[in-house]
Amino acid sequence: MEKEKEIEIDLGKIFHMMKKRVIYIILATLITAVLSGCITEFLIQPKYSASCTMYVYSNTDRVSSSSSIGQSELTASQQLVNTYIEVLKSDYVLEDVISNLNLNMTSKQLKSLLSFSQINETEIFRVTVTSTNAAQSADIANAIAQTAPDAIVKKIKAGGVSVLDYAKVPSSPSSPNLKKNILIGAIAGFAVSFIGFFIYELFDTTITSERDLEREFE
């Protein structure tokens with residue numbers, strides 16, 4: 001019982017002292033939020049993402065046919081998506097894109113700008129290009145879309161792709177997110193300052209009241 005009382009008194013003292021630190025915690029929160037915003041705005045180079053989408057078909061007769069699509073054909077198309085994505089990641093395709101756009105980069109560097117994703121497990125997939133140049137991101141995505149149909153037929157010799165949507169030049173950067181980074185900075189500043197002061201008060205043995213004397217010397 002005595003130990004529980006002592007713990008309660010200690011914690012009471014700590015939180016009483018923490019009240020005096022509130023202004024410093026608020027200042028630390030504001031400073032880290034502003035600092036995070038400044039770093040995001042002035043030091044981090046913005047990146048722009050542009051995407052195109054393509055539809056995969058497993059039966060080449062579908063190109064000239066108006067017949068309905070069967071479930072087996074849809075399943076086959078969905079299974080081909082990952083195969084086609086790997087083709088588009090190949091040096092064969094990327095070097096052709098580099099040549100067509102006269103890009104000053106290697107296929108490895110170009111690959112680092114790309115991301116591919118199948119949309120909701122359908123026969124549609126998205127190619128996204130992210131770079132520091134908005135127009136270049138769109139140009140690369142569209143060059144891949146234009147190269148894809150012939151490259152896939154030539155290499156896979158099964159099915160094919162058709163372009164659903166070409167990429168448009170993004171009007172705003174996809175990263176960094178200014179609001180998100182400011183919020184993260186504020187949370188980090190609050191957490192670090194609060195924990196720092198809490199630990200300091202926890203191990204501070206300075207006697208500041210009669211209650212401290214009573215606890216220490218009974």
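Buried means under 20% relative accessible area, exposed means over 50%, and partly exposed lies in between (1.4 Å probe, protein chains only). By that scale Phe190, at 42% relative accessibility, counts as partly exposed. This is a predicted model, in which local features need pLDDT of at least 70 and side-chain atom pairs count only at pLDDT 80 or more, while totals for chains, interfaces and linings use all residues. Residues are numbered from 1 along each chain as its sequence is written, and side-chain values use heavy atoms, with hydrogens and water left out.

Start with helix H7, which spans residues 178-202. Helices here are DSSP runs of H or I with at least four residues, strands are runs of E with at least two, and both are numbered from the N terminus. Phe190 and Phe194 both lie in H7, four residues apart, about one turn of the helix. Their ring centres are 5.9 Å apart and their planes meet at 20 degrees, so the pair is stacked. Rings of Phe, Tyr and Trp (its six-membered ring) pair if their centres lie within 6.5 Å; planes under 30 degrees apart count as stacked, over 60 as edge-to-face and the rest as tilted. Phe194 is partly exposed, with a relative accessible area of 30%. The ring of Phe194 also pairs with that of Phe198: the centres are 6.3 Å apart and the planes are at 15 degrees, so this pair is stacked too. Phe194 and Phe198 are again four residues apart in H7, about one turn. Phe198 is partly exposed at 21%. Together, Phe190, Phe194 and Phe198 form one aromatic cluster. The structure holds three aromatic pairs.

Phe15, Phe190, Phe194, Ile195, Ile199, Leu202 and Phe203 form a nonpolar patch with about 700 Å² of accessible area together. Patches are made of residues with over 30% relative accessible area and no salt bridge; like charges are joined within 9 Å, and nonpolar side chains (Val, Leu, Ile, Met, Phe, Trp, Tyr) within 5 Å. A salt bridge is a side-chain nitrogen of Lys or Arg within 4 Å of a carboxyl oxygen of Asp or Glu. Accessible areas come from the Shrake-Rupley method with a 1.4 Å probe, and for residues only the protein chains shown count as cover. H7 gives the most to this patch, with five residues. Ile199 is found in H7 and is partly exposed at 44%.

Another H7 residue is Glu201. Glu201 is buried, with a relative accessible area of 3%. Its C-alpha atom is 7.7 Å from that of Met18, 183 residues away along the chain.

Now turn to the backbone. Most residues other than glycine have a negative phi, and most peptide bonds are trans. Ser175 and Pro176 are joined by a cis peptide bond, with omega about 0 degrees. Pro176 lies in the loop between strand S4 (160-165) and H7. The loop between strand S2 (114-118) and strand S3 (124-131) holds Asn120, whose phi is positive, near 50 degrees. Glu121 lies in the loop between S2 and S3 and has a positive phi of about 55 degrees. Asn120 is exposed at 69%, and Glu121 is exposed at 66%.

Last, the cysteines. How many disulfides does a search of the whole structure find? It finds zero, a disulfide being a pair of cysteine sulfur atoms within 2.5 Å. Cys38 is partly exposed at 34%, whereas Cys52 is buried at 0%.
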